Amino acid sequence: MVTVAAHEAISRPRPIDAASLAAWTIAAQVVDPEIPILTIADLGVLRSVRVTSDAVAVTLTPTYSGCPAMDAMRDDVLAVLASAGYENVSVRLVLSPAWTTDWMSEIGKNKLREYGIAAPTGHATVRGSGPAGPIRLKMAVKCPRCSSLNTRELAHFGSTSCKSLYECRDCLEPFDYFKVL
Amino acid sequence: MSEDTVSIDSARADADDHGHVAVAVTTLDAELIEGPSLATPDVAEYALWLGDDALVLAQQLGAWISRAPELEEDVALGNVALDLIGHARSLLHYAGTATNRTEDDLAYWRTEPDFRSLHIVEQPNGDFAHTIARQFVVSHYVFELYSRLRASADQTLAAIAAKAVKEVDYHRDHATQWMLRLAQGTDESRRRMITALSDLWPYVDEIFRDEPLIDRLEGIAVRPSSLRPAFDAAIAPVFAEAEVELPNGFVASGGGRIGKHSEHLAFLLAEMQVLTRAHPGASW
């Protein structure tokens, strides 16, 4: 069982000390190249920023294992920190703990809706102790255009790894859904 | 890593009159878990087993893009392939730490006797039903494998598995839905689905064979034979719903884990590796 405090630490990795927080704020401006209204902080991809006397260490975690946007996000973090005057910046990709849509901020979910992409609904997995693996909870997906819940999945795999293709049966618009992982 | 950026920029300036560009080999440049993680030779060999399965299958699925029965399937199989490339990168990167080789060294500069992939992943794409049959078997097997590998004593393997299992769950669902649809569709789709399953089934046995390596990785690797009951239990309801009988025929010789492959793999690798070998170190 993950304690509430530990869960908070995982889902809100913003640093406490002032120097690290300042660098975090800059790194947090980097956006997802495929969904440019979302920052890497909104996504939960930015996991930690640590400023020491002579270096900055940033940790990112990939959304999907093969997500090609990760390389761009890493390069953008290096560039934005370098242009802010930081030297000796390193970015590491860490797989564990595995990214989940649960880490997406409420601000991020609102931005997605305004952008026309349905935000992930519900929680990703129920973590059992046995080997049974993750259990997905399916909930109705709300149309980002007319807010109808009368929607259906057209294709589970969409324009990027993180999205499915849906259609609204009321306003008849197709739309992307950021699927739960 | 800022030095990487610089080296790419400077390399771009080095392009010669023929447009040949010399660039440092791109690497994932990732530490998969916090702290140091170098694979032992045995763990590296095991990582090659799993990484080569993912790499070869990804290469196969990539060939469907623009050729699938419908546009959504081009996208779906492309997405599945992309996930598998991600798994292969993580696993080959880790395997390479034992011998100071990059994931690209391992993917592009080994020949088929050095590949450790199963025969089932090198079986040809065939028609769409053959590809779905292969996806159905492999994704169910890999799901059971990664679910257990999350508890590995090797933290890097555990981290890769915990990440990958969530994606493979979607692959499993995709293949299952197609298998049901084809088996319960027209006479023609049903005939093709049944033919595909019976063509593929000789290669299922090899998946669950233990090799001596497994004995040396107690608590780290997942014993293949231990996965068979869970695999059988997972696929039985799908066969029942599809009203298809489990194929029952001869068993292929196998040998992929010790580098014995069918001729299919050589053609596949030739296509996958030709560009790198023709232009070593090239990038764009």
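## Backbone features in the loops of chain A

A:Ser147 lies in the loop of chain A that runs between strand S4 (117-118) and strand S5 (151-155). Helices (H or I, at least four residues) and strands (E, at least two) are DSSP runs, numbered from the N terminus. The structure is a predicted model, in which local features need pLDDT of at least 70, side-chain atom pairs count only at pLDDT 80 or more, and totals for chains, interfaces and linings use all residues. Residues are numbered from 1 along each chain as its sequence is written, chains are lettered from A and ligands numbered from 1 in the order in which they are written, and side-chain values use heavy atoms, with hydrogens and water left out.

Most residues other than glycine have a negative phi, and most peptide bonds are trans. A:Ser147 has a positive phi, near 65°, and with a relative accessible area of 45% this residue is partly exposed. Buried means under 20% relative accessible area, exposed means over 50%, and partly exposed lies in between (1.4 Å probe, protein chains only). A:Asn88 also has a positive phi, near 60°; its place is the loop between helix H4 (69-83) and S3 of chain A. At 52% relative accessibility, A:Asn88 is exposed. A cis peptide bond, with omega about 0°, joins A:Ser96 to A:Pro97. A:Pro97 belongs to the loop between strand S3 (89-93) and helix H5 (106-115) of chain A.

## Contacts of two further loop residues

A:Pro13 is placed in the loop between helix H1 (4-11) and helix H2 (18-27) of chain A. Leaving aside neighbours within four places in sequence, A:Pro13 is in contact (heavy atoms within 4.5 Å) with A:Trp24, A:Leu46 and A:Arg47. The C-alpha atoms of A:Pro13 and A:Val180 are separated by 20 Å, and these residues are 167 residues apart along the chain.

A:Ser65 sits in the loop between strand S2 (56-60) and H4 of chain A. This serine is buried, with a relative accessible area of 18%. Not counting residues up to four places away in sequence, A:Ser65 touches residues of chain B, namely B:Asp83, B:Gly86, B:His87, B:Lys163 and B:Glu167.

## A helix pair in chain B

Two packed helices are described by the angle between their axes and the distance between the axes. In chain B, the axes of helix H3 (residues 71-96) and helix H6 (residues 128-149) come within 13 Å and cross at roughly 40°. H3(B) is therefore oblique to H6(B). Axes are lines fitted to C-alpha atoms, for helices over the stretch in contact, and angles run from 0 to 180 degrees between N-to-C directions. Angles under 35 degrees count as roughly parallel, over 145 as roughly antiparallel, 65 to 115 as roughly perpendicular, and the rest as oblique.

From H3(B), the contact involves B:Glu73, B:Leu77, B:Val80, B:His87 and B:Leu91, and from H6(B), B:Phe128, B:Gln135 and B:Tyr146.

## Cysteines without a disulfide

A disulfide is a covalent bond between the sulfur atoms of two cysteines. A search of the whole structure finds zero disulfides (pairs of cysteine sulfur atoms within 2.5 Å) over all chains. The cysteine sulfur closest to that of A:Cys146 is in A:Cys168, at 3.6 Å, which is too far for a bond. A:Cys146 is partly exposed, at 34% relative accessibility, whereas A:Cys168 is buried, with a relative accessible area of 1%.
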